[in-house]
Amino acid sequence: MAKFYLDFEKEIVELEEKINKKRDKLSSDDEKEKEELKILENELDVLIEEVYSNLTTWQRVQLARHHNRPYTLDYVSRITDNFIELHGDRLYADDTSIVVGLALIGSKSMVLIGHQKGRDTKSNIYRNFGMTNPEGYRKALRLMKLGAKFKKPIITLIDTPGAFPGKGSEERCVAEAIARNLYEMALLRVPIVCIITGEGGSGGALGIGIGDRVLMLENSIYSVISPEGCASIIFRDVNKAPLAAESLKITSYELLELGLIDDVIPEPLGGAHREVDKMAEILKNRILKEVEELEKIEPEILIEKRIKKFGNMGFWEE
Amino acid sequence: MSWFKRSNDGLLTKERRDFPKGLWVKCEGCGGILYIKELKRNFNVCIKCNYHLKMGCDDYVNMLVDDGSFIQTDANMRSIDFLNFKGKEKYSEKLVNTIKKVNLNEAIKTGIGLISGYKVVIGVMDFSFIGGSMGSVVGEKVKRSIERAMSEHIPLIIVSASGGARMMEGLASLMQMAKTSIKLAEFSRDGGLYISILTNPTTAGVMASYAMLGDIIIAEPEALIGFAGPRVIKQTIGEKLPEGFQSSEFVLEHGFVDMIVNRKEMKEKLTEILDFFIGGHNRVKR
């Protein structure tokens, strides 16, 4: 992966480089050098612990959008034994910002759907920066219905800045596509597990986000509006985005406390991008555990619980 | 550099006075000056150009239901600032001020009434309440309306006017999209009839949930109907948007609403639709 780090990761990356250089030069019989290396490694552990255990809201936003953060296909290659990608909504086009397919996860067949961002300019243009057009939601719905027909659980991995605000997107009515998904997902007779892996950007995220379990990776965010968008409306100043992010309460533990998600999935220390294999393993185990539990529940009861869960969300007085 | 420069600063321009306040209003469509009393008699539709000006929820309810038949439900439900949201103005203060200013408790009024003798559950949104934004109260009132329609086996009619989700309630406001849509799915499975009416503007979170989920979707003419804000789209694609983009006529042309109906004919059209689905013999004789 390309070298990329955030401001607050700089010290860590520098120390890591120093250690790597030292290790390369290390001769096997130099005890003093070995001792020094060990001290540096300990220093690194302490530093990582220090930096990542006290993250501010804005630092978590940055982690959720981290350039090296694993995306759907990074997980697919690690958690599936086989993945047959399917394409198109059978109505208009194939939306490459959303990947759908038939997945074999731990010898279980599941339908897997996930947003996909790119990592460089070219792939980002191809993936439309993970911003989905109507056909992406309609492709996802087609797969979900297929899953329901053959009693396959549905897994969605959510990571999008939002639905794509474009001309064609309005012409083909992205609002209808999102609304339709919420409506149809309500009554699907199979377990649905939704996991926010990075950015849960508003309606664009919710469009594949109705699940019996809605889980968030520790450093992911889920919000009704981007902090930048909120800041420019409320404060007329995009630079106040960190403040807006705090006001909006968009981090995993805050949303768990509000009862708007079901659980938080811990990430390896330093964030998913530092140990992708480990993150993928945690994710896989969690998916298998949730699916196993949900499959024990009768479809009618599953749906009833789903309706009740979302039906009870909100805060008011009367 | 400009050709003419004001030589001394601090000159105050007199306040522009187009017309006396309170009696007249300017049409957003043709710019014509309209006499408010006359405009009200015409259901807030411009007499000159047929532009549909925004209409408060009370007037809209009165226009649709049979005289004296409306019974409001959940009238005292109020929003709370559960996030302690920090903006320029505190959300809690904004709520208090808005309630006082527009004399409504929330951005939607719900209840049960008769439309040409047909008993229906009706909800009408009001743009004057924080841009008709959907927070927990709007979501919950819509949910209860759906439940009421379901338990009484009567049709549901919702008139939308909204700028989208209410961000001061954070993710909970987004979840109102989920809540209302899921409940509508249940209602539909149960055989319920839902008619959605879109007025100016119906956008974002409300459009991407209950507004677009009607068995029948009716739009008022020339309303702004869209998901993303026109300014955001313009920024994204870097070009001017065509005339009439995201209008009622635009969504009709692209196949996403059933019809455009003038406000003055709305009740009549609803009656025809109810006649079809329910049948004249089920009308309550009054």
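Biologist: Let's start inside chain B: how many residues of domain 1 are in contact with domain 2, and how many does domain 2 put in?
Modeller: Nine residues of domain 1 of chain B touch ten residues of domain 2 of chain B. They are called contacts because they have heavy atoms within 4.5 Å. Before we go on, this is a predicted model, where local features need pLDDT of at least 70 and side-chain atom pairs count only at pLDDT 80 or more, while totals for chains, interfaces and linings use all residues. Residues are numbered from 1 along each chain as its sequence is written, chains are lettered from A and ligands numbered from 1 in the order in which they are written, and side-chain values use heavy atoms, with hydrogens and water left out.

Biologist: What are the bounds of those two domains, and where do such bounds come from?
Modeller: Domain 1 of chain B covers 19-53 and domain 2 covers 55-282. The bounds come from an automatic or database domain assignment. Taken over C-alpha atoms, the two centres are 23 Å apart.

Biologist: What area is buried between them, and what makes area count as "buried"?
Modeller: About 920 Å², with carbon and sulfur atoms giving 48%. Buried area is the accessible area (1.4 Å probe) that two parts lose on being put together, summed over both. On the domain 1 side, B:F43, B:Y51 and B:H52 lose the most, together 59% of what that side buries.

Biologist: What makes B:D59 and B:K40 a salt bridge?
Modeller: The rule asks for a side-chain nitrogen of Lys or Arg within 4 Å of a carboxyl oxygen of Asp or Glu. B:K40 brings the Lys and B:D59 the Asp, with N to O at 3.5 Å, so the pair qualifies under that cut-off. The count between these two domains is one salt bridge, alongside seven residue pairs in polar contact. A polar contact is a pair of N or O atoms within 3.5 Å; within protein, one must be able to donate a hydrogen and the other to accept it, and residues adjacent in sequence count only if both atoms are side-chain atoms.

Biologist: Over to chain A: what do its two domains share?
Modeller: Domain 1 (7-54) and domain 2 (66-311) of chain A have centres 36 Å apart over C-alpha atoms. The contact takes six residues from domain 1 and five from domain 2. About 480 Å² is buried there, 51% of it from carbon and sulfur atoms. A:E9, A:I48 and A:Y52 lose the most area on the domain 1 side, together 70% of what that side buries.

Biologist: Which side chains form the salt bridge there?
Modeller: A:E16 and A:R274, at 2.7 Å from N to O.

Biologist: What does the interface of chain A and chain B amount to?
Modeller: About 4700 Å² is buried between the chains, 75% of it from carbon and sulfur atoms. In chain A, A:E170, A:Y183 and A:W316 lose the most area to chain B, together 15% of what that side buries. The contact takes 49 residues from chain A and 56 from chain B. Across it the rule finds one salt bridge, in which B:R144 meets A:E318 at 2.8 Å, N to O.

Biologist: How do you know that strands pair across the chains?
Modeller: DSSP has to find at least two bridges between two strands. Two bridges join β9(A) to β4(B) (residues 78-79), running antiparallel, so they count as paired. A:E317 stands opposite B:R78 in β4(B). The strand names come from DSSP runs numbered from the N terminus: strands (E) have at least two residues, helices (H or I) at least four.
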